[in-house]
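Hi everyone, thanks for coming. I'd like to walk you through some side-chain contacts today, so please have a look at the screen.

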Amino acid sequence: MSMIASYLSRQAGLFENYLKEQCSLAGTAADNAAILKEAMTYSLLAGGKRLRPVLTMGACELFSREVEKVFPLAVAVEMIHTYSLIHDDLPAMDDDNFRRGRPTNHKVYGEGIAILAGDALLTDAFGLVAAMDSIDERVRCELVFRLSRAAGSEGMVAGQAIDLACEGRQDVSAELLFDLHRRKTGELITFSVVAGGLVGGAGQEDLSRLENYGKAIGLAFQIADDILDETATSEQMGKDAGSDRQKQKLTSVSLLGLDESRRLLAELVAEAVVSLNPYGDRSRRLQQIAHYIADRNN
């Protein structure tokens, strides 16, 4: 196992243990809403790369040794990411049958409960951030504001709306494609990085560098996903491969082709790495994550 793969596995394991503990403490509802908690937990504990929490932890580590204080924020980010996956998989959206190697939430619990599970994960995430009393109240308010922008009608939800509107269209520009990617995928990844820095005590210049890094890897992550949808197998991806093409989705591959998508991906990784050069060896892990995003096979 490479050094970065080992680091990612270790950090994801720390996060996973904390997440399971929090889910255990939350318990299961004793009334007729028990199925809602079960559906939320089904998707939240389904595994995955845990990239966003690991980025939040890594950005915090860049400025503070007290990385455990960022764990609640990392859980909130993963809850919002999980909600988005549940909703994206619905028949009215991407209509996917598998996610992370398992049946999608609505295939197990039905569309109604899947929608509500996503709603609950989104709403509860903001409560988690607001309750982080170990950090300054001003920072908490800024985190809630930034998270609402990243996840809402300026960010991730807007990206999904653009995605739906562009299905089957032939008159789409590269500018629109990158706006879609930036909003649907990039905004929450950028938030994960910047928020970790905020909790760790980063200054304004630091936050600007983290934002540049986050924007670059956010766009790189989605381009890499587009490439994988064309080149990887369903077994590698844990979901249906080739579904973007079948649904006439707007992707970097459909618009730019594989070669240009790969060239752009390499350019974005280089941009991300350079943005953290001022921190020297301290930023090595985050820089390696940028390369991992481009080189992964799922």
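Let me start with a question: over the ring of which residue does the charged end of Arg-296 sit? The ring belongs to Phe-221, and the charged end lies 4.0 Å from the ring centre. Please keep in mind that this is a predicted model.

Let's stay with Arg-296 for a moment. Arg-296 also makes a salt bridge to Asp-225, with 3.0 Å between the closest N and O atoms. Arg-296 comes in the segment after helix H15 (284–295), while Asp-225 belongs to helix H10 (residues 204–231), so this contact ties together parts that are 71 residues apart in sequence. Both Arg-296 and Asp-225 are buried.

Now, how many salt bridges does the structure hold? The count is 21. Here are two more of them.

One is between Glu-267 and Arg-263, at 2.8 Å from N to O. These two sit four residues apart in helix H14 (residues 258–275), so about one helical turn separates them. Glu-267 has a relative accessible area of 41%, which means partly exposed, and Arg-263 is partly exposed too, at 42%.

Another joins Glu-66 and Lys-69, where the closest N and O atoms are 3.8 Å apart. Since the cut-off for a salt bridge is 4 Å, this pair still counts. Glu-66 is partly exposed at 46% relative accessibility. Lys-69 also counts as partly exposed, at 21%; buried would need a value under 20%.

Arg-50 lies in the loop between helix H2 (34–44) and helix H3 (51–61). Its phi is near 55 degrees, a positive value in a residue that is not glycine. With a relative accessible area of 1%, Arg-50 is buried. Arg-100 has a positive phi as well, about 55 degrees, and is not a glycine either. You'll find Arg-100 in the loop between strand S1 (98–99) and strand S2 (102–103). Arg-100 is partly exposed, with a relative accessible area of 23%.

On to the aromatics. How many aromatic pairs does a search of the whole structure find? It finds three. In one of them, Tyr-18 and Phe-71 have their ring centres 5.2 Å apart and their planes at 55 degrees, a tilted arrangement. Tyr-18 is in helix H1 (residues 3–26) and Phe-71 in helix H4, so the pair ties together parts that are 53 residues apart in sequence. Tyr-18 and Phe-71 are both buried.

Another pair is Phe-63 with Tyr-279: the planes meet at 90 degrees and the centres are 5.8 Å apart, so this one is edge-to-face. Phe-63 is in the loop between H3 and H4, and Tyr-279 in the loop between H14 and H15, which puts the partners 216 residues apart. Phe-63 is partly exposed at 22%, whereas Tyr-279 is buried at 8%.

Back to helix H4 for a moment. Is this helix enclosed or open to the outside? In H4, 18 of the 18 residues are buried, so the helix is largely enclosed by the rest of the structure.

Finally, one more charge over a ring: the charged end of Arg-102 sits over the ring of Tyr-42, 3.9 Å from its centre.

Technical notes
Residues are numbered from 1 along each chain as its sequence is written. This is a predicted model: local features need pLDDT of at least 70, side-chain atom pairs count only at pLDDT 80 or more; totals for chains, interfaces and linings use all residues. Side-chain values use heavy atoms; hydrogens and water are left out. A salt bridge is a side-chain nitrogen of Lys or Arg within 4 Å of a carboxyl oxygen of Asp or Glu. Buried means under 20% relative accessible area, exposed over 50%, partly exposed in between (1.4 Å probe, protein chains only). Rings of Phe, Tyr and Trp (its six-membered ring) pair if their centres lie within 6.5 Å; planes under 30 degrees apart count as stacked, over 60 as edge-to-face and the rest as tilted. A charge sits over a ring if NZ of Lys or CZ of Arg is within 6 Å of the ring centre and within 35 degrees of the ring normal.
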